[in-house]
Amino acid sequence: AFIGWAVAYMDRAMVGPVIPLLRRDLHASHAEIGFFAVTLVYFAYVILQIPTGVWADRFGRRPLSWPAMGIFSICSGLTGTASGLGTFGLWRFLTGFGEGTYFSSVVSLVEDVAPKEKRGIATAGSQSGISFGSGLAPLVLGPLAAWIGFANILTIADVAGAGGPRPRRRRARARGVSGATRRAPGAGRHR
């Protein structure tokens, strides 16, 4: 979860420092780049959170979180291949789609897999990826983008998210607790 949050927030924080490069390469006005680079991501992010929260409860957090991380990482990386505002906007919207889906599923997943007495530290550890990604992007990736181009930075930064580690499932049986006594009836659907 740490890597997913870090990559998502690197993507968000990196956009600001590279807006001049985006405007130049895409021949866009300030308003256009603001809409396509920022607004579309957040629009998709916001509209997906509640529906994907319902999907996570119905179909499982794990089946949504891993593909969502891949979607936002790959689509963010593909943003660098955009030759015009239309394709740029499409990749940014799909990045927000993946990020909104990731948020809803991974927050619950961390709670599901962490032992009850360690949920606070597990949540803090995963959520610290937000600060890490947000701090790393403008400090390192923004200046590096000015040197090698924003497209190359997006590709490099998002490889970690697409190939990052999968969350591990807590093993109840190893502690001598059967799944039937550990979960309430019907609670196993989200696993």
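Salt bridges and their partners

A: Arg119 and Glu111 form a salt bridge, with their closest N and O atoms 4.0 Å apart; the term stands for a side-chain nitrogen of Lys or Arg within 4 Å of a carboxyl oxygen of Asp or Glu. The model is a predicted one, in which local features need pLDDT of at least 70 and side-chain atom pairs count only at pLDDT 80 or more, while totals for chains, interfaces and linings use all residues. Residues are numbered from 1 along each chain as its sequence is written, and side-chain values use heavy atoms, with hydrogens and water left out.

Arg119 has a relative accessible area of 28% and is partly exposed (buried is under 20%, exposed over 50%, partly exposed in between, with a 1.4 Å probe and protein chains only). Glu111 is also partly exposed, at 42%.

The structure holds six salt bridges. Among them, Asp57 pairs with Arg61, the closest N and O atoms being 3.0 Å apart. Asp57 is partly exposed, at 43% relative accessibility, whereas Arg61 is buried, at 11%. Arg61 also forms a salt bridge with Asp112, with a closest N to O separation of 2.8 Å. This pair links distant parts of the chain, 51 residues apart: Arg61 lies in helix 3 (residues 61-79) and Asp112 in helix 4 (residues 85-113). Helices here are DSSP runs of H or I with at least four residues, numbered from the N terminus. Asp112 counts as buried because its relative accessibility is 13%.

How values were computed:
Helix = DSSP H or I, 4+ residues; strand = E, 2+ residues; numbered from the N terminus.
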